[in-house]
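Trainee: I've got a new model open and could use a guided tour. Can we go through it together?

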Amino acid sequence: MTDLALTAPPRFARTRATLRRMLANRSFALGSLLFGFICIAALVGPLLVGIDPNALSIRDRFQPPSWQFLLGTDNLGRDMLSRVLYGARLSLGIGFAVIVLNAVFGVLLGALAGYYRRLDNILMRVADALMAFPAVLLAIGIAAALGPSAITAIVALAVVYIPRTARVVRASILVVRELDYVQAARASGATDARIITRHILPNCLAPLIVQLSFVFAYAILSEAVLSFLGLGSPPTVPSWGVLISEGRAYMREAAWLTMVPGVAIAITVLGLNLLGDGLRDVLDPRMKVEQG
Amino acid sequence: MLGYTVSRLLQAIPILFLVSLMAFGIIYLIPGDAATVIGGPSASAQDLAQIRANLGLDQPLHVQILTFYTNLLQGDLGRSLLLGVPVTEAIIQRSPVTIGIAIYSLVLTIVLGLSTGIIAALNHNRWLDQAATIFALIGVSLPNFWLALVMIVLFSVNLGWLPTGGYVPFSQDPIGWLRTATMPAVSLALLQAGLLTRITRSTMLEVLSQDYIRTARSKGISEWKVVGKHALANVMMPVVTVLGLILSVLLSGSIVIETIFGVPGIGALLGNAISSRDYPMIQGGLLFVTAALLLLNILVDVLYTWLDPRIRVGGGK
């Protein structure tokens with residue numbers, strides 16, 4: 001035991017080695033580049049552009065992309081660049097909130113189910129039932145009941161994806177909890193809470209991070225569907241889905257109104273998928289299961 | 001085999017029970033008074049009382065649940081507020097449309113996903129492989145409703161090849177059906193094809209590296225036969241396992257896709273129900289589609305055991 005501890009590389013060296021392997025992974029590098037670009041655009045973009053996304057200008061209706069209006073204008077003369085950038089804040093914000101809720105409740109429920117066998121049966125049956133619903137359909141059902149808002153979209157998507165995250169956490173806890181060092185910790189009198197938080201969870205992080213990156217991608221796609229159906233954010237703060245839905249009526253004369261937000265969604269989701277693939281290859285090569 | 005099927009069906013009962021309970025509970029998620037939300041601001045006190053009576057909301061909760069299950073067991077999912085007809089009837093009436101497009105889309109998915117995946121694996125690390133991988137990645141990253149809109153602009157508005165929407169039943173005019181069903185089916189299929197390509201490629205790579213394939217090759221069997229006869233049978237296995245997932249995404253995707261193309265299927269029915277707050281229809285549709293998928297998944301699993309002799313001979317797991 002002590003020999004192993006002595007020969008193990010110091011923590012920072014290991015982290016550095018993992019980081020180096022990540023950057024050497026093409027999927028991860030390209031994914032972070034795309035996703036990083038979108039995140040920076042969402043954070044800094046609105047400040048740089050400095051145009052109110054809701055400022056009307058009837059004179060400039062349906063302007064195609066040009067030097068004056070880089071991404072054109074919509075039916076009310078609003079600047080599309082500014083609207084897409086503000087939309088990025090909302091869409092990414094919703095996606096981020098969904099993965100935070102997933103991380104918190106997915107880990108909590110997954111850990112309870114994986115560690116306490118008695119709870120496992122009940123929790124996993126409820127998870128099975130929730131997962132029996134097609135993901136987007138359940139989100140639509142919940143959002144239809146709660147009424148349209150950004151919070152609704154977050155809650156609906158969190159409810160849909162938390163059981164899936166909890167299952168991933170549970171699966172890795174089931175493996176880790178039987179390992180010798182956990183038994184040793186238990187034998188030395190450590191409490192359950194300490195065993196879970198200090199000894200088990202840190203070793204389940206890799207599959208969790210991979211899962212969260214895919215959940216982020218699904219959340220962006222599903223949020224767009226919800227907004228498109230009028231169940232997400234209100235039109236005053238347009239998310240990408242709302243923008244596509246608004247542009248739909250003018251597809252013939254102003255195709256850019258639907259193209260621009262669609263491409264933004266595609267780049268974000270592509271980036272996240274690449275990021276997830278890369279993370280999976282580097283952190284957890286065994287987990288090559290496609291999640292739905 | 002029969003025992004396995006029966007045990008799978010029995011296992012589905014508690015899940016179906018929970019699923020139905022959740023579908024029932026959706027109406028309780030409505031913030032505030034459900035009747036006021038459904039009736040809208042212009043509803044009089046009498047209207048509200050009528051809505052409550054129709055939905056059974058004026059009864060105590062345990063009575064509501066009991067009535068819900070009594071009706072459910074008789075195939076009664078309530079009455080649509082918007083259409084005024086029984087939910088079950090509306091769903092059954094529209095299901096052939098959705099089933100037709102789903103099958104079309106599934107065939108496209110399988111043909112496209114399998115062939116791209118196999119081509120990628122056979123050309124491992126060459127440009128064809130890279131192209132297929134990029135196709136698959138883009139496929140899983142595009143929002144399908146956006147793809148549908150892009151296809152309308154391209155193929156209907158600009159090229160004028162296909163109608164922008166509408167629907168012609170297959171029994172009436174097969175060519176007309178093909179013309180109206182192709183864009184919805186393709187926009188539903190591309191995403192799934194991406195997913196299937198990824199799975200097929202990785203499975204095929206794994207299969208191709210196995211001993212029996214090397215043996216077959218060293219016996220001098222043509223590459224075509226090695227792939228077609230020896231490898232393909234084993235590649236089909238994981239494909240069957242993702243069938244359930246693919247069907248699930250196809251059916252939930254149909255809400256938006258059918259609404260966009262104006263196809264009168266279950267998806268559009270649900271889409272309309274959502275925009276007009278027709279809760280019995282939302283609950284019924286959700287329950288119906290989920291139950292149908294659960295049964296389809298069992299069918300897929302049974303098919304899987306039948307296809308895989310290792311499980312079949314072992315008596316089924």
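Mentor: First, a term: helices (DSSP H or I, at least four residues) and strands (E, at least two) are DSSP runs, numbered from the N terminus. This is a predicted model, where local features need pLDDT of at least 70, side-chain atom pairs count only at pLDDT 80 or more, and totals for chains, interfaces and linings use all residues. Residues are numbered from 1 along each chain as written, while chains are lettered from A and ligands numbered from 1 in the order written.

Trainee: Just after α4(B), which residue takes a positive phi?

Mentor: Start with the helix: α4 of chain B covers residues 61–73, and its 13 residues reach 18 Å from first C-alpha to last. That's close to the expected 18 Å, taken as 1.5 Å times one less than the number of residues. Just past α4(B), phi goes to about 80° at Gly75(B).

Trainee: What share of residues 95–304 of chain B is helix?

Mentor: UniProt, in an unreviewed entry, puts "domain: ABC transmembrane type-1" on residues 95–304 of chain B; such annotations may be inferred rather than shown by experiment. The end C-alpha atoms of that span of chain B are 26 Å apart. Strand makes up 0% of residues 95–304 of chain B, and helix 84%.

Trainee: Which element gives the largest share of the side of chain B that touches chain A?

Mentor: The contact (C-beta atoms, placed from the backbone, within 7 Å) takes 40 residues from chain A and 43 from chain B. Several helices of chain B each supply at least two residues to that side, including α1 (2–25), α8 (174–208) and α12 (279–307). The largest share, eight residues, comes from α10(B).

Note on methods
Contact = placed C-beta atoms within 7 Å.
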